[in-house]
Amino acid sequence: MNPSERYEELVKQVRYHNERYYDKDDPEISDSEYDKLMTELKQLEKENPQLAVADSPTKRVGGSARREAGVLVRHNVPMLSLQDVFSKEEVYEFVENMQEQLTEPEFVTEYKIDGLSLVLRYEDGILRLAETRGDGINFGEDVTANAKVIKDVKKKLKQPLPYLEIRGEVYMKNEDFEKVNARQELAGKKVFANPRNCAAGTLRQLDTSVTKERGLSMFVFNVQQVRGAEFETHTQGYEYLKKQGIPVIEAYRVCKSAEEVWEAICAFGENRGNLSYDIDGVVVKLNRISDRELLGATSKVPRWAIAYKYPPEEKVAKILDIEVSVGRTGRITPTAVFEPVRLCGTMVSRATLHNQDFIDQLDVGIGDYVTVYKSGEIIPKIKEVLKERREAGVERYQLPETCPVCGTKTVREKDTADIRCPSPACPAQVERRIINFVGRDAMDIKGFGTVYIEELVRKGYIRDIADIFYLKEHRDRLIEEGIIGKEKNTDKLLEAIEGARKRDAYQLLTGFGIPNVGKAAAKSVMKQFETLDRLSEASVEQLTEVPDIGEVSAGCIRSFFQDADNQRILERLKQAGVNMERIAQEGESDIFAGMTFVITGTLPSMERKQAAELIEKNGGKVSGSVSRKTTFLLAGENAGSKLKKAGELGVAVIDEARFLEML
């Protein structure tokens with residue numbers, strides 16, 4: 001690949017990952033993987049300046065400011081990012097460069113918290129505005145209401161100044177993050193990938209009670225602007241803020257040489273695992289404000305600061321056991337249990353081993369020492385086995401030939417690495433089928449948590465999905481045994497189950513958990529066949545006539561309805577009064593039949609979700625990425641890379657007004 005082609009590819013990748021990180025709070029790759037892409041992009045621009053485009057990601061600071069998160073406000077002071085460095089040599093180069101330009105400069109080293117930037121503006125000692133980073137240069141989002149319920153944010157200063165603007169990082173302590181995810185799981189909602197994502201999503205909440213409940217924290221790391229006082233140094237500003245009761249970055253150090261700066265970086269790194277929150281590096285900045293003003297900034301970064309990024313953490317741990325679990329479809333999954341180690345701020349002790357082929361490739365056994373890391377700084381994984389530390393008697397692990405739950409002989413699926421338990425009555429499979437069935441994308445039975453499901457299956461109340469709708473017959477026994485709780489909790493869940501009887505048939509079809517049939521496919525199928533009775537009689541040929549249903553999916557649907565056990569369950573669901581028909585939506589049509597839309601940017605009068613619902617209600621399909629199969633790109637403000645992609649592929653671009661005209 002020539003430099004021009006590689007440059008175009010890198011620009012697309014970095015723009016995409018910027019949108020995932022800044023705008024959607026849902027990154028797909030780790031910081032270190034992103035840093036590698038950005039470093040390569042910068043190097044290409046340096047070596048081939050003619051390739052650099054005007055709106056290159058290397059010139060951008062943050063994401064886009066989103067109107068749906070709050071009112072847009074103009075920054076008084078740009079919220080710039082920092083120049084990242086990754087080696088001792090680069091740190092020394094920065095310090096020595098500062099020493100050449102300035103007289104005896106001082107440096108402050110401090111933790112780089114992995115959170116979301118926030119600026120607070122105080123007028124006469126009263127908090128008037130809180131704004132997010134937004135695009136970093138011009139606009140951010142007004143999140144004042146949410147900021148006021150963060151315990152670390154002071155609404156009133158003890159020593160008022162005419163004007164004070166400070167910048168900090170909103171983050172979640174690991175303990176608070178785990179509590180939030182526990183509540184999400186109990187409520188059957190999607191859990192957050194990491195504390196940073198959770199903090200970002202929470203700060204943009206429209207409901208301040210949710211923000212307050214989740215327990216966000218904040219450290220302040222800079223005085224942006226001040227009137228009524230003068231601070232000669234960064235640390236003087238910190239001392240003033242501490243007197244106001246405002247938390248500032250803890251454990252910061254003042255250094256005078258490159259050696260002292262590097263020593264601080266190493267010390268912070270060694271203490272990284274003992275912190276109650278995540279850090280991803282150390283910020284090194286000039287202490288004297290006059291020195292900062294002299295050096296100024298580029299369009300993206302200040303010249304007086306850098307951020308040293310730690311390499312991805314790896315730890316050595318001993319495999320204590322290999323546990324085997326059974327999934328919803330009977331798939332056997334081995335999980336390594338190892339000595340607990342702290343990685344990226346949290347303790348981990350488990351990592352999936354996927355299947356027997358993966359185990360054979362690693363050559364891993366119980367008692368082996370392995371290198372553990374976090375993929376994307378989120379998911380624990382095993383990198384390699386330290387063969388030189390293998391003790392006598394340790395052998396490669398072999399998956400059992402019988403199901404660890406029900407004892408049925410396992411089978412290996414043809415042309416795959418998967419080993420499965422073939423018994424549909426296996427309790428482990430039943431539990432996971434029920435979890436899928438009651439989930440948000442399926443029957444959406446609120447409050448039906450995993451703990452309840454496991455206990456109800458264990459005690460024989462639930463053997464298949466139909467049993468859910470007969471639980472009311474056991475109300476008194478359930479209350480007596482306290483499986484769901486006392487009378488109030490039990491009745492609340494039974495009421496939620498009653499409500500689920502009226503769900504749309506596509507939700508029921510989704511809940512069946514048929515391989516290769518998700519929510520979107522279930523909607524298409526039910527729109528074609530209207531009732532589950534008609535669907536159950538459909539041939540593979542008829543099924544493949546449905547948009548987006550191929551032969552594999554059609555075969556899976558046909559096999560499901562031909563199964564005698566499934567027919568029995570369907571009959572019991574009918575007897576329980578569960579709806580088996582598609583519910584027509586008011587105002588639906590086939591205007592967009594055969595069309596695929598992609599939605600991007602901020603629409604003037606509706607959220608993307610509302611637009612997607614309108615498209616689907618009128619026969620269209622919504623995709624997440626632009627391709628040659630895309631019919632229209634529905635674009636609002638700050639459309640980003642998808643707009644450019646549509647232009648490259650010749651995809652028609654429409655705005656909200658044109659979209660509504662089409663409807």
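This is a predicted model: local features need pLDDT of at least 70, side-chain atom pairs count only at pLDDT 80 or more; totals for chains, interfaces and linings use all residues.
**View 1. Strand E10 and its two pairing partners.**
Strand E10 spans residues 279-286 and is mostly covered, with 8 of its 8 residues buried. Strand E3, made of residues 107-113, pairs with E10 in the antiparallel sense, and 7 bridges join the two. Within this pairing, Val283 of E10 has Glu110 standing opposite. E10 also pairs with strand E11, residues 305-309, again in the antiparallel sense, here over 5 bridges. Tyr308 in E11 is the bridge partner of Val282. As background for reading this view, side chains in a regular strand alternate between the two faces of the sheet.

**View 2. Helix H13, with its buried and exposed residues.**
Helix H13 covers residues 450-458, and its residues Tyr452, Ile453, Leu456 and Val457 are buried. When the helix is seen down its axis, the buried residues of H13 fall within an arc of 125°, and therefore they line one face of the helix. Val451 and Arg458, on the other side of H13, are exposed. Just after H13 comes Gly460, which takes a positive phi of about 85°.

**View 3. Glu395 in a loop between two strands.**
Glu395 is found in the loop that lies between strand E16 (379-385) and strand E17 (411-412). Is this residue buried or exposed? Glu395 has a relative accessible area of 62%, and because the cut-off for an exposed residue is over 50%, Glu395 counts as exposed. Apart from its neighbours within four places in sequence, Glu395 is in contact with Val364, Gly365 and Ile366. Asp35 is 360 residues away from Glu395 along the chain, and the C-alpha atoms of these two residues are separated by 39 Å.

**View 4. A nonpolar patch on the surface.**
Three residues, Ile591, Leu660 and Leu663, form a nonpolar patch on the surface. Together, Ile591, Leu660 and Leu663 have about 230 Å² of accessible area. Ile591 belongs to the loop between helix H21 (564-575) and strand E19 (596-600).

Methods. Residues are numbered from 1 along each chain as its sequence is written. Side-chain values use heavy atoms; hydrogens and water are left out. Patches are made of residues with over 30% relative accessible area and no salt bridge: like charges are joined within 9 Å, nonpolar side chains (Val, Leu, Ile, Met, Phe, Trp, Tyr) within 5 Å. Accessible areas come from the Shrake-Rupley method with a 1.4 Å probe; for residues, only the protein chains shown count as cover. A salt bridge is a side-chain nitrogen of Lys or Arg within 4 Å of a carboxyl oxygen of Asp or Glu. Helices (H or I, at least four residues) and strands (E, at least two) are DSSP runs, numbered from the N terminus. Buried means under 20% relative accessible area, exposed over 50%, partly exposed in between (1.4 Å probe, protein chains only). Two strands pair if DSSP finds at least two bridges between them. The arc is that of the directions from the helix axis to the C-beta atoms. Contact means heavy atoms within 4.5 Å.
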